Amino acid sequence: MLWVRIDNRLVHGQIIETWLPYTHAKRIIVVDDAVAGDDLQQQIMSLAIPHSVSCFFSSIDDLSTSVMSVGHDSTGGNTIILFSSCEDLRRALEKGFKFNTVNIGNIHYGPGKKQISPSVALSSDDESCLHFFKGQGIELDFRCVPNDPVQVRFS
């Protein structure tokens with residue numbers, strides 16, 4: 001199973017403490033062009049990840065190859081795929097990455113954004129992106145942590 005999540009923080013405590021146990025994931029793929037090219041950021045993120053979980057870093061362009069290579073990984077189990085933005089996930093979709101559901105976990109508030117839940121604030125571009133996903137038949141799951149009820153019905 002692939003668990004796809006948008007979280008501008010990428011790897012952090014909620015991922016490690018709640019989403020890994022919930023999904024039973026044995027792998028994390030961080031999909032971010034900047035992080036994929038930055039060894040120091042990769043090392044810092046890797047410090048938080050338990051030794052029993054494999055972590056991979058991928059650019060958006062290399063995601064399909066990364067998913068295929070992890071699928072042949074000997075650790076077995078599920079995979080969490082983290083994106084820092086809706087736009088990055090849309091680019092991955094347009095390059096052939098397939099998924100049925102996206103968990104929108106955390107998009108920080110900023111100028112020009114509308115707060116729609118305690119952990120999600122959307123710009124007009126984010127809203128357009130999420131409407132695009134819905135138009136593709138992709139389910140939107142707005143939860144910060146697994147035991148949260150779905151916080152927002154996006155229409």
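Helices (H or I, at least four residues) and strands (E, at least two) are DSSP runs, numbered from the N terminus. The model is predicted, so local features need pLDDT of at least 70 and side-chain atom pairs count only at pLDDT 80 or more, while totals for chains, interfaces and linings use all residues. Residues are numbered from 1 along each chain as its sequence is written, and side-chain values use heavy atoms, with hydrogens and water left out.

**Exercise 1.** Work out how many helices and strands the protein chain has, and in which pattern they follow one another.

*Solution.* Begin with the count, which gives six helices and eight strands in the protein chain. Then read along the sequence, where these elements follow the pattern β-α-β-α-α-β-α-β-α-β-β-β-α-β.

**Exercise 2.** Describe the order of the strands in the open sheet, and explain which strands stand at the edges.

*Solution.* Take two strands as paired if DSSP finds at least two bridges between them. With this rule, six strands form an open sheet in the order β3-β2-β4-β1-β5-β8, with parallel pairing. The edges are held by β3 (54-58) and β8 (139-142), and because each has a single partner strand, one side of each is left without a neighbour in the sheet. From one strand to the next the twist averages 25 degrees, where axes are lines fitted to C-alpha atoms (for helices over the stretch in contact) and angles run from 0 to 180 degrees between N-to-C directions. Next, look at one pair inside the sheet: β1 (residues 2-7) and β4 (residues 78-83) pair in the parallel sense over five bridges, and I6 stands opposite F83 in β4.

**Exercise 3.** Find which residues of helix α5 (residues 86-94) are buried, and which are exposed on the face turned away from them.

*Solution.* The buried residues of α5 are C86, D88, L89, A92 and L93. They lie on the same side of α5 because they cover an arc of only 165 degrees around the axis, the arc being that of the directions from the helix axis to the C-beta atoms. An α-helix has 3.6 residues a turn, so residues three or four places apart point the same way. The face of α5 turned away from the buried side carries the exposed residues E87 and E94. Just after α5, G96 takes a positive phi of about 110 degrees.

Key
Buried means under 20% relative accessible area, exposed over 50%, partly exposed in between (1.4 Å probe, protein chains only).
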